[in-house]
Structures are given as structure tokens and as C-alpha cells.
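Here are my notes for your first look at this one. Have the viewer open and go through the points in order.

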Amino acid sequence: MLIVHGNMKPISSFGIILRDPKYRRSSLCSLFPTASLFFLTLLVGSIYTALQYKEKLLKWKLEENLPDSTINTCENECRPPGSKPLPKGIVAKTSNLERRPLWGLPKKLNSSRSLFAIAVGLKQKETVDKMVRKFLSSNFAVMLFHYDGIVDGWKDLEWSNSVIHISALDQTKWWFAKRFLHPDIVAAYDYIFLWDEDLGVDNFNPERYISIVKDEGLEISQPALDFSHSEVHHQITARGRRANVHRRTYKSGEKGIGCDDKSTAPPCTGWIEVMAPVFSRAAWRCVWYLIQNDLIHAWGLDMQLGYCAQGDRTQNIGVVDAEYIVHYGLPTLGEPEKKANTSESKNLTGLETQVVTPTKSVNFRVEVRRQSYNEYKIFRRRWKKAVEEDQCWTDPYTEPIKEITI
């Protein structure tokens, strides 16, 4: 600070600099870059802020026009269990039974659109051979479930290397199906035929059968039984001659169950037996969940198949008369004759063990049937309990299923 006496006021150094033209020009030149930099920073910041606001505004407008389910796509995205660590595009959700070559490209064959799976034993080799040949000629994928454990006994047949063989001793087709026909494995097939081995197919054409099923809109079906040559357990499965398909029976069955036009429950309508069932892809996905893992004879399952009919069971379940089969009714699980046993013996399900004396004999066929009936009672109890406990489930059918005395 410069100080003077008298009437002179104190003058700051900054004032002297501004009064001096030389210093004034120098100060202005030094201030100009600083001011320019400040305004440039302000301009850039304003532009960035405006762009951010515009982006947010556009996002808000888009979200206003989108359903709620798409706002948080990633958070709400449904993926198969266990696949979240993987990028979505690499996840292979389904499979099939088509075999692949060890090298080179696969042969250009027509892809199988339906699957024929059957539980077999070597004793029924001739009957099974006829069935497999017929389905292979109609371009089916074929899978054999060997319940007797003998696979090599089929190698002499020309088609043996063209089908899938799975072997597990003393198991039923339902045991095999629950473990090897998961819906994601058979998702490539339009229809799944899950048949017994004691069926005659001389009057059956698989391609025509599928054509009829599609035309009629049947999700669950079976071919009719030739009444004159078959073992028929229920009237509804007997072949009629008036139409391609029938969906109900009007006669009283052997168990005294009356069926008429007003009947809406099995076994009068919406019902088939389980010796030769045919399921659509959608129906099978439901039925697979219905099969109990430990109840391998599946008695009682047929009465509840209507819940998997993808709609009205009285319309979507039927018996195809135009393509029919013969049910020989041969015992295939367990031994029909008595055999002596001097130690512990297990029935074919492996669920129970019975101790017998050297003088006592066991009819394994009878034991199998007894186990089947026990499983039937267990299944009914489970169904009843599940209905009572599930507060979110509503039964779509009002008429109760008519009980059959077995």
C-alpha cells in the first residue's frame, strides 16, 4: 500500500496498475484466457447436463409406453435353474434321442417327429420285432427298455443298432419313463407312444394314427382294442365301427358303473387305459410330473390323466377306432408259475422282502399284482392330500371320478 499525506487519498497498487495504460493492457491480456477457459468449461458442462437430461427424459417416455414386465428385463428374466452363470445364448434347454457321428456330418435323414418307447423282455421278441419294424418304417425314433437285463439277445435283428437300448433289471415302463423321458429330453417329438410289449399291430398304421389324432385334436389317446381277439378290461377301449374316434362309453361296465350322455368323468369319458397310451408333447410334460418316482406300476394314474389333457378331458382324450390293435394280455412282469425258494426273496419292485421256508413257494406274478394294488391306494391318498393342502389349486371338474373295484 502506498501512503501519502495531506488531502491525498490512499491509492492501492491495483489502482495504479489500472491507471497505467501499459499495465492495463497487460492485465486484460492475462484475464482473457482465464475467462475464456471458465466460459468454455461452463458451456461444456451445460451441454453434458442437457444431454443427460434428454437421455433420461427419453428413457422415462419409453418406460411409460412399455409394460411393467419389460422395465427390469434382466432382473425379471426367467432362466432355467442353474443357467444364470452362463450367457443366455449358449444355454441349450432341450435335447433329443438322435445319435451323432464321431466325425463328419450326420447323414441327411428325415428327423423323427414322434417317439415309440416300449418295455421289453426277450420272451416277447417276436411280437416286439413286428412292432418296432412298423414304427421304424414310419420314421419314428425308437427306444427299448429292457426289464430283463438282456440286450445282446436283440443284436441279431437288423434294426437293433438303429434304436436306443436301456437296461435295468425288473423295472416297469413307468420307472424307465420317469428317468429317461424327461420332457426336456423328448421336447423334439410331437407324440410319445409309451406301450406294453404284448400288443399286436397287424391292423395299425402309426402315420395314419397320428393324422387322425391331429385332426380330432386329441392330446391323450390310445388305439382301440380288437374286441374279438383282445383281453378287454374296460368297455371304453373296445373298438367301435361308426367313426374314426370315440370319446365315451354308454354301457355299464363289468364293475356296475353306469355311463350315459351326462357322464363327464372317467371311466365313462376322458379316459384311456395305460397299456398303449399316446401323449402329445404338451400332455406328456404334465404327465411326467404326475408319475410318482417310487410308484412304478402307475395304478391309478389313468384316472387322473384328464388333468393333463390341455383342456376339456371329454374332448381331448379319446380312443381311435380306425387304427386298432390286439391286446394279448400276456404276463410280462413276474413269473406266472410258482417257484421254490429257500431264502429271502424280493418281489420285482424291490420294495419288499419276504422270508420263505424251504417248503413254501412264491408266485411272483401274484406279488407283483399285490404291489400294484398297494401303490394304487398310496397314489389315491397322495392325490387327496395334495388337493387338500394346495390352497391355490382349483379342481376344474365337478363330477367326481367313479371308483373302480379292482
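1. First, a term. Buried means under 20% relative accessible area, exposed means over 50%, and partly exposed lies in between, with a 1.4 Å probe and protein chains only. Helices (H or I, at least four residues) and strands (E, at least two) are DSSP runs, numbered from the N terminus. With that in hand, look at strand β4: Y191, F193 and W195 point one way, I192 and L194 point the other way, and all are buried. In a regular strand the side chains alternate between the two faces of the sheet. Five of the five residues of β4 are buried, so the strand is largely enclosed by the rest of the structure.

2. Some ground rules. This is a predicted model, where local features need pLDDT of at least 70, side-chain atom pairs count only at pLDDT 80 or more, and totals for chains, interfaces and linings use all residues. Residues are numbered from 1 along each chain as its sequence is written, and side-chain values use heavy atoms, with hydrogens and water left out.

3. Now the overview. The protein chain has ten helices and 13 strands, and 38% of its 406 residues count as buried. Take a contact as heavy atoms within 4.5 Å. Among contacts in the protein chain with a separation of 6 or more, 71% are between residues 24 or more positions apart.

4. Which strands does β4 pair with? Two strands pair if DSSP finds at least two bridges between them. β1 and β4 run parallel, joined by five bridges, and S114 stands opposite Y191 in β4. β4 and β8 run antiparallel with three bridges; there, F193 stands opposite V278 in β8.

5. The aromatics deserve a look. Rings of Phe, Tyr and Trp (its six-membered ring) pair if their centres lie within 6.5 Å; planes under 30 degrees apart count as stacked, over 60 as edge-to-face and the rest as tilted. By this rule there are 23 aromatic pairs. In one of them, F116 and W195, the ring centres are 5.7 Å apart and the planes sit at 85°, so the pair is edge-to-face. It links distant parts of the chain, with F116 in strand β1 and W195 in strand β4, 79 residues apart. Both F116 and W195 are buried. F193 and W195 make a tilted pair, at 5.8 Å centre to centre and 50° between the planes. Ring pairs also tie F116, F135, F140, F193, W195, F204 and Y209 into a cluster.

6. On to the cores. A nonpolar core is a set of buried Ala, Val, Leu, Ile, Met, Phe, Trp, Tyr and Cys residues joined through side-chain atoms within 4.5 Å. The largest has 43 residues, and F145, L181 and W284 have the most contacts inside it. Elements giving two or more residues to this core include β1, β2, α5 and β4. The largest share, five residues, comes from α7. A second, separate core of 32 residues includes V120, Y191, F204 and V320.

7. Finally, helix α7 (residues 281-290). Its buried residues are A283, W284, V287, W288 and L290. They cover an arc of only 150° around the axis, which puts them on the same side of α7; the arc is that of the directions from the helix axis to the C-beta atoms. What covers these buried residues includes α5, β4, β6, β8, α8 and α10.
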